[in-house]
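Please look over the sequence and the structure shown here. A short report by region goes with them.

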Amino acid sequence: MYVAVDGYPCVRLLNLSGEIGCANPGLNKVVAPIIKLKDVKDLVQPHTILVTADEMEGFFSRVSNDLSFASQIGGVLVESGSSFQQKFKGLSPDKMFPQAQFSPYENVEYKWNPAASSIMWKAYNFPVYLLSESGILAVQQILSKKEMKHKTYTSNVAEFNMVMETTKAGTHNSEACLQEGTCLPLGGYSVWSSLPPINVSSSNNRKPVVLTVASMDSASFFRDKSFGADSPISGMVALLGAVDALSRVDGFSNLKKQLIFLVLTGETWGYLGSRRFIHELDLHSEAVAGLSDTPIETVLEIGSVGKGLSGGMNTFFAHKTRVSSITNMTLDALKIAQDSLASKNIKILSADTTNPGIPPSSLMAFMKKNPQTSAVVLEDFDAKFVNKFYHSHLDDLSNINSSSVVAAASVVARTLYILANDSKDTSNSALGSIHVNASFVEELLACLLSCEPGLSCNLVKDYISPTNTCPGNYAGVILGEPSSKPYLGYVSDVSRFLWNLLADKTSVQKRNTASVCSKGACSKSDEVCIKAESNKEGTCVVSTTRYVPAYSTRLKYDDGAWTILPQNTSDSMGMVDPVWTESNWNTIRVHVYTVQHSVYDNAVLVAGITVTTLAYIGILVAKSFITKILKQD
């Protein structure tokens, strides 16, 4: 049988200096017999190696160090599942210090990620495919049939159709593939929103900004299996839970500071979202209208917060950029918020002073732009990651605790209110009334970190019509011309959902004045149209919510093509920007089936020729014998 196998591919990515990831070595399909890694001895021909998750790190390390072994790898099938998470200490294909080249401090040898193997940053000239649960069953079924029949003249093979356009065209770096049109830049669309909405037409009475940041994209060895549950989606969900809690508080227009919520994408690949956001502020572009002329007083980033629960206590660590009165103000607000939630068993601790600086986070982009930035990033770890599956396909919903995310959301919501109110009065009744909806947080986690219900959940479908059920949380590629008002078909499901959700939660409530928007547009400049995808007619609300394109500051889009700009010495992060791109491809498919050995086919052919020859000789002998008998010679 010719069985299609479901799963997730490892694809070819490129940068200015070369390639990483996987691809068929040539222009055609790869067909190779399947063998389990534990049965591998001396291979005499390329095979498809069946690898379990706990064998994965050792296997790819061997491939990199043993060229003779690597030459006999036709392809790789990886078995995985939640059961593997409990079997070994960790699996992180990233580096010890992720994106160390962007660090604002010199100690780039520090080991933030002790479980790192770095295998996702190398190039492999064979296809690699992570099997889904149904894919695992399909492969196991075909292998078990072989074992039951004990036939020696058949082989079970895997056929990989994973030809990358960059391999086909011979374009082996980002500059070459962009020139030839065989790849696209990594990126997408970040989203920011204001509470309360900003009056863009008026520049008077602009309040200092408290900017709250989280990330929506993750990465793994496999393109579409990048849930990133703890890192960073737990922080993003905590931010959304805090926004939901604050949306039910009255009187925000009377507070002394402006709250801005920013959810970034592309952060895994050179902090694309944060760098582009800062660049758009410098340009005073339409994407940041109403914000570019306003001073950002402080930044609070919500990082990994899904593993803070331990021994009945939710513990989080505040990593600060520098010592300043404003940073201390944020730390004080966190402490006040903690004390106001005494019954919730939440503890906020300052990160160890022996740490070299802030951990890998979007704050690095802000620090590189302005070393005097006062900011704090909230994490579930102190001196090293507690997430042993950082940037692994195993960092899924089972790797985090929802109560930890709820606790982080509760602290953040009250901290932001304290900062916006610029008051240390813990007796404020409004502060005590801010409560995070735990059910809302749990629903968000189920929608964004699983395939069931996934993006088909009611919460998401209330705002958009998703194109996929399973959320990938991989940044993806940026399609078409970048714009603050993009064609929605080029915007990912998660970005569109976040835009609609934030626009709804931060909107001004005007009873009985909601207007309908049938084509996604509203008549008033301060209004936006939400839920236009899920309903035939959307609703106009007063909200300052916008898309910000996220792509490398070294790239320019002109006349339908991307070009790489010369290095700018004033852009220190741009100087070390790898400029990541992803290869185009036509199809990605894997099949498994059984074929006869060529030895058996040749034996049948030889036997057939022998039988035919003997039959011919027999006919000649018989004819001669009969002729003699009949005396006709």
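## Overall picture

This is a predicted model. The chain has 633 residues, and 55% of them are buried. Its secondary structure comes to 16 helices and 27 strands. Taken along the principal axes, the C-alpha atoms fill a box of roughly 130 × 55 × 50 Å.

## A five-stranded mixed sheet

An open sheet is built from 5 strands, in the order S8-S4-S3-S26-S11. The pairing in this sheet is mixed. S8 and S11 (183-185) stand at the edges. Each has a single partner strand, so one side of each lacks a neighbour in the sheet.

Strand S8 covers residues 123-124 and pairs with S4 in the parallel sense, over 2 bridges. Within this pairing, Gly21 has Ala123 of S8 as its bridge partner. Strand S4 spans residues 18-22 and is mostly covered, with 4 of its 5 residues buried. On to the next pair: S3 (residues 12-15) and S4 run antiparallel and are joined by 4 bridges. A hairpin of 2 residues links S3 to S4. Asn15 stands opposite Gly18 in S4.

Leu184 has Glu582 of S26 as its bridge partner. Glu582 returns below, as a contact of Tyr474.

## Two helix pairs

Two packed helices are described by the angle between their axes and the distance between the axes. The crossing is left-handed. H6 contributes Met236, Leu240, Val243 and Asp244 to the contact, and H14 contributes Leu498, Leu501, Leu502 and Lys505.

The second pair is H8 (residues 325-340) and H10 (residues 402-421). Here the axes come within 8 Å and cross at roughly 125 degrees. H8 and H10 are therefore oblique to each other. The crossing is right-handed. On the H8 side, the contact involves Met329, Thr330, Ala333, Leu334, Ile336, Ala337 and Ser340. On the H10 side, Val411, Arg414, Thr415, Ile418 and Leu419 meet them.

## Tyr474: a buried loop residue

Tyr474 lies in the loop between helix H13 (458-461) and helix H14 (493-505). Is Tyr474 buried or exposed? Its relative accessibility is 14%, so Tyr474 counts as buried; the cut-off for buried is under 20%.

Leaving aside neighbours within four places in sequence, Tyr474 is in contact with Leu13, Leu186, Ser218, Arg223, Ser226, Trp269 and Glu582. Tyr474 and Cys183 are 291 residues apart in sequence, yet 16 Å apart in space, C-alpha to C-alpha.

Thr265 sits in the loop between strand S14 (258-264) and helix H7 (272-283). With a relative accessibility of 4%, Thr265 counts as buried. Residues up to four places away in sequence are not counted in what follows. Thr265 touches Gly188, Tyr189, Ser190, Met216, Asp217, Leu272, Gly273, Ala475 and Ala550.

Thr167 belongs to a helix, H4 (residues 165-169). Thr167 is buried, at a relative accessible area of 17%. Which residues is Thr167 in contact with, leaving aside its neighbours within four places in sequence? They are Arg12, Ala23, Asn24, Pro25, Gly26 and Leu27.

Note on methods. Residues numbered from 1 in each chain as written. Predicted model: local features only at pLDDT ≥ 70, side-chain atom pairs only at ≥ 80, totals over all residues. Heavy atoms only, no water. Buried < 20%, exposed > 50% of the residue type's maximum accessible area, 1.4 Å probe, protein only. Contact = heavy atoms within 4.5 Å. Pairing = 2+ DSSP bridges. Left-handed = near helix turned anticlockwise from the far one by under 90°. Axes fitted to C-alpha atoms, helices over the stretch in contact; angles between N-to-C directions. Parallel < 35°, antiparallel > 145°, perpendicular 65-115°, else oblique.
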